[in-house]
Amino acid sequence: MTNKNLKQTMKKEWQNVRKKFYYPQLPQPQLVEKIKGGGSFNFENLETTVEEPYVKSFRGKGIAATDEESDTIVLNECLTHELTHYMKHPGSVFNILRLQKAGQGIADAETISRLRRDYTEAQTNLDLIVAQNHPGTISIARELNQRGAYPGSLSKFQGRILELNLLDKRENLLVN
Ligand SMILES: [Zn+2]
């Protein structure tokens with residue numbers, strides 16, 4: 001698939017993914033060349049970014065029979081993941097700040113930021129697997145896990161969630 005075709009596929013999958021969430025009004029996602037972590041959602045300008053080398057890196061990795069199908073599934077999964085961040089986990093800037101505040105006094109700000117990101121990452125991936133039954137998430141997560149390039153890897157989910165239960169307890173104390 002050429003980059004032009006990849007852009008076209010992204011446009012199509014963007015509409016498919018928006019449909020699942022009842023068409024949130026957001027700017028067109030951007031396909032970029034950099035390699036950082038796959039995709040991202042910017043809560044300041046509401047823009048979704050997908051890294052083109054990330055999409056291509058799954059070709060021939062058992063995600064689908066052909067490169068074209070693999071690109072389509074990976075693009076759809078990535079856009080669904082980023083829109084789930086926007087819609088649910090964390091869902092808002094307010095929720096980011098609330099989670100950050102919930103951890104105050106338990107760890108330093110940097111550690112809380114890391115835990116908060118891992119927490120929303122675990123919530124988002126579990127949402128895709130359990131609630132949305134996305135056909136690509138498990139095989140993509142397995143591949144990322146094998147690369148060791150996935151901070152919220154499935155093997156770490158349990159530990160991260162347990163760590164974050166501490167934050168939940170602290171939050172309950174604050175509320176009560
Ligand atoms: Zn994410």
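A residue counts as buried here if 20 or more other C-beta atoms lie within 10 Å of its own. With that cut-off in mind, and remembering that this is a predicted model, select Asp71, which has 23 other C-beta atoms within 10 Å and is therefore buried.

Asp71 has its place in helix H3, so widen the selection to residues 67-87, the 21 residues that make up H3. From its first C-alpha to its last, H3 reaches 30 Å, close to the 30 Å expected at 1.5 Å a residue. Of the 21 residues of H3, 16 are buried, which means that this helix is largely enclosed by the rest of the structure.

Next, select helix H5, residues 109-131, and turn the view until both helices can be followed: H3 and H5 pack at an angle of about 120 degrees, and their axes are 10 Å apart. The two helices, H3 and H5, are therefore oblique to each other, and H3 passes H5 in a right-handed crossing. To see the contact itself, select Thr80, His81, Thr84 and His85 on H3, together with Thr120, Thr124, Asp127 and Leu128 on H5. How do the residues of this contact divide into nonpolar, polar and charged? The contact of H3 with H5 holds 1 nonpolar, 6 polar and 1 charged residue.

Terms used:
Residues are numbered from 1 along each chain as its sequence is written. This is a predicted model: local features need pLDDT of at least 70, side-chain atom pairs count only at pLDDT 80 or more; totals for chains, interfaces and linings use all residues. Helices (H or I, at least four residues) and strands (E, at least two) are DSSP runs, numbered from the N terminus. The expected span of a helix is 1.5 Å times one less than its number of residues. A residue is buried if 20 or more other C-beta atoms lie within 10 Å of its own, exposed if 12 or fewer, and partly exposed in between; C-beta atoms are placed from the backbone. Axes are lines fitted to C-alpha atoms, for helices over the stretch in contact, and angles run from 0 to 180 degrees between N-to-C directions. Angles under 35 degrees count as roughly parallel, over 145 as roughly antiparallel, 65 to 115 as roughly perpendicular and the rest as oblique. A crossing is left-handed if the near helix is turned anticlockwise from the far one by less than a right angle, and right-handed if clockwise. Two residues are in contact if their C-beta atoms, placed from the backbone, lie within 7 Å. Ala, Val, Leu, Ile, Met, Phe, Trp, Tyr, Cys and Pro count as nonpolar, Asp, Glu, Lys and Arg as charged, and the others, Gly among them, as polar.
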